[in-house]
Amino acid sequence: MLAKAELHVHLEGTAPPELVARIAARNGLTIPDEMLGEDGRFHYTDFLHFLRTYDLAASVIRTAQDYRDITYEYLTDVAHEGGIYVELTASPDHAALVGLGDDEHLLGIAAGIDEARRDCGIEARILLSAVRNFGVEQAIRVARYAAQRPHPYVVGFALAGDERFPVSEFGTAFAIAADAGLGCTVHAGEWQGPESVRAALALPVSRIDHGVRAIEDPALVEEIAARGVTLNTCPTSNVVLGVYAAYAEHPLPRLRAAGVAITLGSDDPPYFGASLAGEYTICAEHFGWDDEDLLAVTGAALDAAFCDAELRSDLRARL
Ligand code: ADE
Ligand code: ZN
């Protein structure tokens with residue numbers, strides 16, 4: 001099985017409806033009516049509605065044990081499809097909204113990582129993410145917490161959420177994280193165009209999540225390639241949410257041909273019917289990539305990973 005690595009997946013967004021329902025039940029909660037459609041899948045009609053549905057699902061995830069279970073189930077699933085390394089984007093803000101402390105939140109995730117490694121040999125690390133639409137002050141709080149290196153598995157700082165909130169307002173949060181030596185990544189060029197990616201490049205980031213709409217500005221694509229910034233792309237997420245009408249229109253092959261380093265991610269797998277292995281298969285089927293091409297994608301992910309050098313070289317030896 002081809003070795004795979006994933007740098008772009010949101011932890012709450014990995015929990016399928018059945019797991020969210022199980023967690024809600026043991027917390028004595030009922031799942032919010034609007035969360036699921038009649039088909040039993042997560043229900044949303046557009047990007048902002050997706051973010052609200054995501055928040056509804058997160059609202060029943062309340063304890064360290066819940067986070068352990070979500071982490072363990074996701075990582076063991078990915079290991080069964082060839083995953084060797086995952087960076088999980090975790091959101092202290094979502095945990096805080098349900099009264100779960102930052103340290104407890106991390107301990108739950110770390111337990112899931114340790115148990116998945118023990119059972120399946122997969123490795124994982126944690127990015128602490130702020131959410132644009134939760135505001136600048138909250139982002140600074142998350143960055144400060146991450147900068148304290150609250151757990152050895154915390155290796156990076158990220159920013160997700162509603163891209164209409166301009167990234168330029170979050171410079172202080174990124175400076176705090178970067179000054180502490182954390183790797184930094186930011187969602188950009190998913191819902192907004194090249195100007196959003198340009199603004200992201202002004203931050204101390206070595207990666208951009210999505211970034212695909214950079215394709216609308218050839219000079220920007222050249223700059224991304226020249227600076228060696230990696231785009232963590234999620235083709236299925238983009239097609240399902242309607243950024244592109246079909247895989248055939250997705251710019252991933254053109255970005256790659258322009259010399260941009262790219263990785264594959266599932267973003268929020270059950271919301272989009274995506275999986276890490278599925279993204280690899282889509283690149284084979286729609287873009288004609290062979291095993292060598294796909295192994296190079298995994299290599300690019302290990303190059304761009306925020307883990308330490310020792311783990312990186314152990315993982316490279318598994319390719
Ligand atoms: N949070 C979870 N998934 C996201 C996405 N695709 N874009 C922005 N924020 C997110
Ligand atoms: Zn994302």
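Start with α2 (47-58), β2 (83-90) and β3 (123-131): each of them supplies at least two residues to the lining of the largest pocket. Helices (H or I, at least four residues) and strands (E, at least two) are DSSP runs here, numbered from the N terminus. Before you click further, two housekeeping notes. You are looking at a predicted model, where local features need pLDDT of at least 70, side-chain atom pairs count only at pLDDT 80 or more, and totals for chains, interfaces and linings use all residues. Residues are numbered from 1 along each chain as its sequence is written, chains are lettered from A and ligands numbered from 1 in the order in which they are written, and side-chain values use heavy atoms, with hydrogens and water left out.

**Stop 1: the largest pocket**

What counts as a pocket? On a 1 Å grid over the protein atoms alone, it is an open set of points where a 1.4 Å probe fits, with protein on both sides within 12 Å along at least five of seven lines; lining residues have an atom within 4 Å of a point. Now select His10, Leu51, Tyr54, Ala160 and Gly161, which lie nearest the centre of the largest pocket, out of 24 lining residues. The volume here is about 290 Å³, meaning the space filled by probe spheres set on the points, with grid points joined across faces, edges and corners. Which element gives the most to this lining? It's α2, with 6 residues. Colour the lining by type and you get 9 nonpolar, 9 polar and 6 charged residues.

**Stop 2**

Next, pick Thr14, Pro16, Tyr74, Asp77 and Pro269, the residues nearest the centre of the second largest pocket, which has 14 lining residues. Its volume is about 230 Å³.

**Stop 3: salt bridges**

The structure holds 19 salt bridges, each a side-chain nitrogen of Lys or Arg within 4 Å of a carboxyl oxygen of Asp or Glu. Show the side chains of Glu115 and Arg68, which meet in one of them at 2.4 Å, N to O. Glu115 sits in helix α5 (residues 102-120) and Arg68 in helix α3, 47 residues apart.

Move on to Asp293 and Arg256, whose side chains form a salt bridge at 2.9 Å, N to O. Asp293 lies in helix α14 (residues 291-304) and Arg256 in helix α11 (residues 252-257), so this pair ties together parts 37 residues apart in sequence. Then select Arg26, Asp66, Arg68, Asp69 and Glu115 together: salt bridges with shared partners join them into one network.

**Last stop: Ile215**

Find Ile215 in the loop between β6 (207-210) and α9 (218-227). Leaving out residues up to four places away in sequence, Ile215 touches Val221, Tyr244, Pro251, Arg254 and Leu255 (contact means heavy atoms within 4.5 Å). Try the distance tool on Ile215 and Pro251: they are 36 residues apart in sequence and 6.7 Å apart in space, C-alpha to C-alpha.

Methods:
Ala, Val, Leu, Ile, Met, Phe, Trp, Tyr, Cys and Pro count as nonpolar, Asp, Glu, Lys and Arg as charged, and the others, Gly among them, as polar.
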